[in-house]
Amino acid sequence: MDVGGWLRGLGLGQYEGNFRDNKIDADLLPRLTVDDLKDIGVSALGDRLRLLDAIAAFAGAKPPADAPVSSSRPAPSKPFQASAERRPITVMFCDLVGSTALASRLDAEDWRSLANAYLDEASGAVNRLGGHVLKRLGDGLMALFGYPHAQENDAERAVRAALAIQRALAELNARNAAKGRLELSARIGLDSGPVVVEAAGEVFGDAPNIAARVQGLAEPGSVLVTANVQRQTAGLFVAEDKGAPELKGVPAPVTLYRIVRASGGRRTGARTLTPLVGRGEELDLLRRRWERARNGAGQLTLIVGEPGIGKSRLVEEFRATLGETPHTFTEWSSSQLLQNTPLHPIAEWGRQRFGADEPADRRLADLENTLRLVGLDASEYAPLIAPLVDIPLPEERAAKLAPEELRRRQLAAMTTWVLAGARSQPIALAFEDLHWADPTSLDLMQALAERGGQAPLFILATTRPDFRPPWSLRSHHSVISLSPLDRADVARMIGELAAQHALSKEVVEGVSERTGGVPLFVEEVTRLLLERGEQGGVQAIPPTLQQSLAARLDRLGPAREVAQIAAVIGRGFSYPLVRAVANMEDEALQTALERLAEADIILVHGVPPDAEYRFKHALIQDAAYDNLLKSRRQALHRRTGEVLCDQFGATAAAEPELLAHHFTHAGMTEAAIEWWGTAGQRSLARSALVEGVEQLKRALDQIATLPVTPALRREEIKLEVAFANALALTGDLVGGKEHYDRALAIYDPAEHRPLKTRSGRDVGMTLLSVRSPCVWQLGYPTASLSDAERAVKNAREAGHVTTLMYALYWSSISCIFCGDYAAAHAQLDELIALASDRGAQYWQAAGTAVRGQILALTGKASDAVRALTSGITSLRSTGASLYELRHLWYLAMAYAELGQPDDARRCIDDAIEKVERSKEKWGEAEVNRVAGEIALKALAPDTEKAEKYFDRALAIARQQQARSWELRAAMSMARLWRDQGKLQQARELLAPVYGWFTEGFDTLDLKEAKALLAELA
Ligand SMILES: Nc1ncnc2c1ncn2[C@@H]1O[C@H](COP(=O)(O)OP(=O)(O)O)[C@@H](O)[C@H]1O
Ligand SMILES: [Mg+2]
């Protein structure tokens, strides 16, 4: 916006210099105070007040007069004032051809008047179609459709405006030709896309550049549009494919279309209908009402629902059921483009009914005949009705009445005609999109609604939920509120649309969730999905829906801002939260939320302050979110994060990832790191490993974006350990080792010794303890034992009991893996003694269970069962479930040893199922190997089954690069083959696995493998 122009417009142009000298641009206006105005030299109080009022009006805020001044609370402000917005838009560039040459041939003044005449025509066309002329550029024009308010058919309006400009220019040329003047010719280019528009009038984004380039390529006198525009208007215009010429400065090729003329089509896209799903009940109801109407008790049914829910489709399906029953089906449709044209639905119908191309007298005769057939006096009715159905009347027959009176008589005549027609043959009258009807059409509908009860007339009117019919409900009226399709129906629809493409169950669920069961959205999202694939398609808003969603938001008025704030908070949100973030008064906020619910944008449960809300579909939430400037999004995320942190402690504790999400998007990296870390640790503690990995990774990714500080280093070490643990648990042993190593590399004992884990252990020693079993699995037994020993030694020296217990525990595990049961036993004795001393229940239970493992391994099966079952039970009672896997496989082995194959089987199946469910995959190979051994120990040994399990164990171990598990699986398989006499095969399997090892030859597995290989030789 130009401040000087604005001031002059207010009659305050004398201050232009003051504003300019003080560098006050349009974006600063909303921040000016009375004092500021005084400071910059607006001396008269009256002028200051006038300026403030004008600023308030321009900023869309209320004048400050009624703001509570003395209230103890700060007056609720609009929390964030946007000086620019992001929105989907259609941009038009229009330019004269060869204007320099033309100008040089004319006198300057003549040229000016010629060019101005054309520009006035062009601007007029743009304005009439709801566009916004942003700039005149010499003899060119740049116009926006979708700003400042989006409407669902912005692209269509833009194309119509372009055609209108070309038409106007042709007429102008015809007029000028008579006066011997020059011909003008223009090129017009259009593109659609998301842009940022500043209040001052600058537009940022690709669409303006592309539209300008496209304009340059258009042939003189033509309209050229991009595929982005064409896909939104297909079916409405006759278009010629012009291929995809290279556009300067535009990297990807863009297909262009020349728009020839309007096609007369009403609906966009000549697509085939998706087979109908659901709606059986609604159709039944319509059928029953129709039967009643046919028998003379006229009916009116209002079909209500949000855009795309299937209102028109229901009418169409109903029509299809009418079959050969004698009836007249009439369709009147309101058009969004013609809301102020009286009775336009009837005129449009009239043109179709009586044929717009027929000569006028033929059409009039047809009308008169029709009227006579239903028993009306044609000479009385035809002059009244003809103008309504767009049939010109000879001058002498026109009804000579005052306009008011004429309109009243016309409506009465129309009503009588419809009712008379129905009496001669039942009429089904579909009135589409009542919410766009002009006031006169509504009057007509009201008359029919009230008087239609006595005639065989069935009116089906479709409308959006925010429309209130002006008539009151009567006994012959009914309402059908169309609800979204349920999941099963959505899945069927997607199945039909995707045809031969098999979409995964998750994707289908995703579409269902995202679209909230609105059929139009299901169609568009699925189409995009098929077009772009699952990566690009599921999350994006289909371009065909962008403008209509933006229009829906714009229709909300002030409630739009609440929708945007809520969109930042999330798909679901509570009243207290949105109130705290929006910082609005209850009354205003509740009005806005009610408006959102009425417009079918959110669902409500409960009543404020206990109300919970949820966006009906993610698409509208995304659209609201997308229309926020990045800076404002950030500010809102920040506010949401802070509010959650300060005022919603319980939510913060239960859903730390929510805060992490908001702080990440707020660009508050440190807070984001902290909360991702908390979320990750919490997930691990709850055995949600996959989530934990993801969350910890995000924390580390965020850390990587910041310069290193000592505090961050400490945080990083802790996070690396937790992340490595999580990776190792999920079976990513290589990744686990890498991050243990990384943590150790940045760990400096001198500096980090005081660092403790969340459970109060020394981080450095913990690190060694947990790296030990990971390293063993990867095939380095000696290195593993050395880690374990160092951890125990350090903990002992530091005299840190909590850490020592941990170190002893993990050391005993590594010792068992390596087959040194005596050492493991001693460590467990020490652990259990320390634990009972301290009342450390968890360690007592864990120690007992691991003792059970040793018993199982050393032939004391019944003691093993006792120790393991009791250990497992007490561990479960402490809520711990990680690593239970290992206890289960030893327990299964002990059962098998005892000759209880069923128990063994149950136990190992349990372990396999647990791996699947918890994604704790680190021991998956061994679990399968043990399952194979158990199959061999059954009463009737099943070698085939055993072989399958061993195969699986080998495959998993290889995939995880878990050499030690691979060696064990290879030995099990080799023994099986040896017993079957397949010595060579056994050797060929085992030798390379064994040969891979470079150390640990004195540990049990390697010694056994060596002996077995010797036996096979
Ligand atoms: N029950 C349904 N089964 C299959 N497709 C449907 C169903 N309802 C609507 N559709 C499709 O969804 C799109 C939007 O429906 P439409 O009737 O135009 O919505 P509305 O008139 O409420 O805006 C159309 O393409 C329509 O064919
Ligand atoms: Mg419709």
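This is a predicted model: local features need pLDDT of at least 70, side-chain atom pairs count only at pLDDT 80 or more; totals for chains, interfaces and linings use all residues.
## Around ligand 1

How far from a polar backbone atom of Gly 308 is an oxygen atom of ligand 1? The distance between this backbone atom of Gly 308 and the ligand oxygen is 2.7 Å. Arg 313 also takes part through its backbone, with an N or O atom 2.7 Å from an oxygen atom of ligand 1. For Lys 311, a backbone N or O atom is found 2.8 Å from an oxygen atom of the ligand.

## Helices H20 and H24

Now let us turn to pairs of helices. Helix H20 covers residues 543-554 and helix H24 covers residues 618-626. Their axes are 9 Å apart, and the two helices pack at an angle of about 80°. Angles of 65 to 115 degrees count as roughly perpendicular, so H20 and H24 are roughly perpendicular to each other.

Which residues meet here, in H20 and in H24? From H20 come Leu 545, Leu 549, Arg 552 and Leu 553, and they meet Leu 619, Ile 620, Ala 623 and Ala 624 of H24. Sorted by class, this contact of H20 with H24 has 7 nonpolar residues, 1 charged residue and no polar ones.

## Helices H30 and H33

The next pair is formed by helix H30 (residues 710-729) and helix H33 (residues 763-777), which pack at an angle of about 20° with axes 11 Å apart. Because of that angle, H30 is roughly parallel to H33. The two helices have a left-handed crossing.

On the H30 side, the contact is made by Ile 717, Lys 718, Val 721 and Asn 725, while H33 brings in Val 763, Leu 767 and Val 770. The residues in this contact of H30 with H33 comprise 5 nonpolar, 1 polar and 1 charged.

## Helices H40 and H41

The crossing of H40 and H41 is left-handed.

H40 contributes Ala 904, Arg 905, Ile 908, Ala 911, Ile 912, Val 915 and Glu 916 to the contact, and H41 contributes Glu 924, Val 927, Asn 928, Val 930, Ala 931 and Ile 934. By class, the residues in the contact of H40 with H41 are 9 nonpolar, 1 polar and 3 charged.

Most peptide bonds are trans, and most residues other than glycine have a negative phi.

Where are the cis bonds described here? One of them runs from Tyr 147 to Pro 148, with omega near 0°. You can find Pro 148 in the loop that links strand E3 (140-145) and helix H7 (154-178). Another cis peptide bond joins Pro 608 and Pro 609, with an omega of about 5°. Pro 609 sits in the loop between strand E15 (602-605) and strand E16 (612-615).

Finally, have a look at Tyr 883, a residue other than glycine with a positive phi, near 70°. Tyr 883 is placed in the loop between helix H38 (861-877) and helix H39 (884-897).

Notes:
Residues are numbered from 1 along each chain as its sequence is written. Chains are lettered from A and ligands numbered from 1 in the order in which they are written. Side-chain values use heavy atoms; hydrogens and water are left out. A crossing is left-handed if the near helix is turned anticlockwise from the far one by less than a right angle, and right-handed if clockwise. Helices (H or I, at least four residues) and strands (E, at least two) are DSSP runs, numbered from the N terminus. Contact means heavy atoms within 4.5 Å. Ala, Val, Leu, Ile, Met, Phe, Trp, Tyr, Cys and Pro count as nonpolar, Asp, Glu, Lys and Arg as charged, and the others, Gly among them, as polar. A polar contact is a pair of N or O atoms within 3.5 Å; within protein, one must be able to donate a hydrogen and the other to accept it, and residues adjacent in sequence count only if both atoms are side-chain atoms. Axes are lines fitted to C-alpha atoms, for helices over the stretch in contact, and angles run from 0 to 180 degrees between N-to-C directions. Angles under 35 degrees count as roughly parallel, over 145 as roughly antiparallel, 65 to 115 as roughly perpendicular and the rest as oblique.
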